[in-house]
Amino acid sequence: MTAYDPAGLHLEEAGDGGPLLLCLHGIGSSSAAFAPQFAALGGTYRMVAWDAPGYGRSADPEAPLTMDDFADLAAEVIRARGGRAHVLGVSWGGVIALRLGVRHPGLVASLMVVGSTPGSGTDPDKAAAMRARAGELARLGPEAFAAARGPRLLTEGAPAELVERVTATMAASVRLPGYGHAAEAMATTDLRGELHRVTAPTLVLCGDQDRITGPDASQALAGGLHKTAYVIVKDAGHLANQEQPEHVNAWLASHLHIATDPMPTDPDPMNHLPADPVPTRHPEPSRRKG
């Protein structure tokens with residue numbers, strides 16, 4: 001049993017068929033963060049994005065939730081919709097996705113993490129700063145809190161309309177106690193020792209101008225995973241999926257196509273080539289992949 005009733009979750013859903021794609025937002029956001037992905041991928045995949053417990057239109061938790069609780073709750077969402085999913089997580093959502101991959105490998109077809117990290121428990125100063133956020137939210141209130149933090153999630157040259165949208169989404173999404181539980185979960189999490197247990201193929205993306213977690217944290221993830229591709233997204237900050245949606249969506253679609261397409265059982269792959277091969281258009285290689 002999870003520590004939170006899944007019936008209390010608000011879920012945005014789109015698409016009637018295709019593989020399930022579960023989207024987990026960052027610590028200062030909501031399901032609204034994935035509007036660009038719903039628009040691009042909703043015709044091919046069954047899209048589901050949550051407002052995490054205590055966020056947006058989801059009910060408040062009655063007790064603190066750990067990272068395991070968040071991962072187990074995501075597992076319940078997947079089980080209720082067929083029992084297997086691709087999982088896309090941004091920042092905090094990426095940490096949940098990776099823990100989900102460790103705890104429930106049979107439910108995870110593949111993982112995609114954007115601007116994520118092994119957790120704030122990797123460093124005492126990072127953990128303390130993460131814990132301090134709840135007090136800052138209590139002191140400032142959601143609107144002032146979002147106005148102070150929202151712009152830093154994007155590049156300095158991000159369009160004003162996008163900055164306003166990200167800030168407004170944060171102001172409408174965060175509140176206590178949910179945000180405090182999320183921050184404490186991050187402060188106590190260090191995934192570095194368990195990344196090798198993730199069996200699902202994983203795409204790690206990071207904006208080249210990410211001022212929150214930065215490329216180093218994403219590199220730490222990619223280096224600890226067995227089946228991984230690492231992509232730097234040019235001209236993007238922490239929320240690369242919103243700031244450079246066309247580039248990010250191209251990488252996501254490519255990863256999902258590969259992860260969804262079953263491998264041939266015939267030992268001679270030439271027997272599975274189409275009679276008239278159609279060339280595959282890959283995303284523009286303007287980012288570094290390693």
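**Close-up views of a predicted model**

Asp 235 sits in the loop that joins strand S7 (228-233) to helix H9 (240-243). The model shown in these views is a predicted one.

**View 1. The backbone at Asp 235 has a positive phi.** The value is about 60 degrees, although Asp 235 is not a glycine. Most residues other than glycine have a negative phi. Asp 235 is partly exposed, with a relative accessible area of 39%.

**View 2. Ser 91 also has a positive phi without being a glycine.** Here phi is about 55 degrees. Ser 91 belongs to the loop between strand S4 (85-90) and helix H3 (92-103). With a relative accessible area of 10%, Ser 91 counts as buried, because buried means under 20%.

**View 3. A cis peptide bond links Leu 176 to Pro 177.** Its omega is near 10 degrees. Most peptide bonds are trans. Pro 177 is found in the loop between helix H6 (160-173) and helix H7 (178-187).

**View 4. Seven strands form an open sheet with mixed pairing.** Their order is S1-S3-S2-S4-S5-S6-S7. Strand S1 (10-14) and S7 are the edge strands, each pairing on one side only. From one strand to the next, the twist averages 15 degrees. Strand S2 (residues 20-24) is parallel to S4, and the two pair over four bridges. Leu 22 has Val 87, in S4, as its bridge partner.

**View 5. Helix H8 (residues 214-224) packs on the sheet.** Helix H8 touches strand S5 (108-114), strand S6 (202-207) and S7, and its direction makes about 170 degrees with that of S6. Helix H10 (residues 245-260) lies across S2, S4, S5, S6 and S7. Helix H10 runs at about 160 degrees to S5.

Technical notes. Residues are numbered from 1 along each chain as its sequence is written. This is a predicted model: local features need pLDDT of at least 70, side-chain atom pairs count only at pLDDT 80 or more; totals for chains, interfaces and linings use all residues. Side-chain values use heavy atoms; hydrogens and water are left out. Buried means under 20% relative accessible area, exposed over 50%, partly exposed in between (1.4 Å probe, protein chains only). Two strands pair if DSSP finds at least two bridges between them. Axes are lines fitted to C-alpha atoms, for helices over the stretch in contact, and angles run from 0 to 180 degrees between N-to-C directions. Contact means heavy atoms within 4.5 Å.
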